[in-house]
Amino acid sequence: TNECQFIYKALASNLRVDGRKPMKMRRVKIKFLRKSGAVEVSIGKTRVLAATTADIVKPWPDRPSEGFLRIHTDFSPMASPFFENNRP
């Protein structure tokens, strides 16, 4: 395809698709937000927002030495057509 040919030509020319040289990194910025546990990371034009929270809860009676770990992710539909807003 034309896209594959373009990528192969860029690699043969020692360029990335976005025009950078192979060893040139994109600019990385880390911004700690006012909300505790929230951070915004930018790599080039790509931005990610991450937040962490923690709660201390009483364990189940039959498992007194175990706890809980729950992970939730939410991706923008712009990241991929397979993601939908607020879907579990």
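## Charged pairs

Arg63 is partly exposed, because its relative accessibility of 46% falls between the limits of 20% and 50%. In this predicted model, the side chain of Arg63 meets that of Glu66 in a salt bridge, with 3.5 Å from N to O. Glu66 is likewise counted as partly exposed, at a relative accessibility of 44%.

A salt bridge also links Arg47 and Glu40, whose closest N and O atoms are 3.9 Å apart. The cut-off is 4 Å, so this pair qualifies. Arg47 is exposed, with 63% relative accessible area. The count of salt bridges comes to two. Side chains of opposite charge can pair when their charged atoms come close.

## Confidence

The protein has a mean pLDDT of 83, and 95% of its residues reach 70 or more. Confidence is lowest in helix α1, residues 2–12, where the mean is 83. The highest value belongs to strand β1, residues 28–32, at 94. Where pLDDT is low, the predicted coordinates should not be read in detail.

## The sheet

Three strands make up an open sheet in the order β1-β2-β3, and their pairing is antiparallel. Its edge strands are β1 and β3 (46–51), each of which pairs on one side only. From one strand to the next, the twist averages 15°.

Five bridges join β1 to strand β2 (residues 38–43) in the antiparallel sense. Across this pairing, Ile30 stands opposite Val41 in β2.

## Val28 in strand β1

Val28 is found in strand β1. The residue is partly exposed, because its relative accessible area of 46% lies between 20% and 50%. With neighbours within four places in sequence left aside, Val28 is in contact with Ser42 and Ile43.

Glu40, the salt-bridge partner of Arg47, is twelve residues from Val28 in sequence. The C-alpha atoms of Val28 and Glu40 are 11 Å apart in space.

## Helix α1

Helix α1 is hardly covered: of its eleven residues, the count that are buried is one. After the helix comes Asn14, which has a positive phi, near 65°.

## The segment after β3

Asp62 lies in the segment that follows β3. Asp62 is exposed, because its relative accessible area of 63% is over 50%. Between Asp62 and Lys35 there are 27 residues of separation in sequence and 36 Å in space, taken C-alpha to C-alpha.

## The aromatic pair

A search of the whole structure finds one aromatic pair. The ring centres of Trp60 and Phe68 are 6.1 Å apart and the ring planes stand at 75°, so the pair is edge-to-face. The angle needed for that class is over 60 degrees, and the centres must lie within 6.5 Å. Trp60 is exposed, with a relative accessible area of 55%.

Methods
Residues are numbered from 1 along each chain as its sequence is written. This is a predicted model: local features need pLDDT of at least 70, side-chain atom pairs count only at pLDDT 80 or more; totals for chains, interfaces and linings use all residues. Side-chain values use heavy atoms; hydrogens and water are left out. Rings of Phe, Tyr and Trp (its six-membered ring) pair if their centres lie within 6.5 Å; planes under 30 degrees apart count as stacked, over 60 as edge-to-face and the rest as tilted. Buried means under 20% relative accessible area, exposed over 50%, partly exposed in between (1.4 Å probe, protein chains only). pLDDT is the predictor's confidence in each residue, from 0 to 100. Helices (H or I, at least four residues) and strands (E, at least two) are DSSP runs, numbered from the N terminus. Two strands pair if DSSP finds at least two bridges between them. Axes are lines fitted to C-alpha atoms, for helices over the stretch in contact, and angles run from 0 to 180 degrees between N-to-C directions. Contact means heavy atoms within 4.5 Å.
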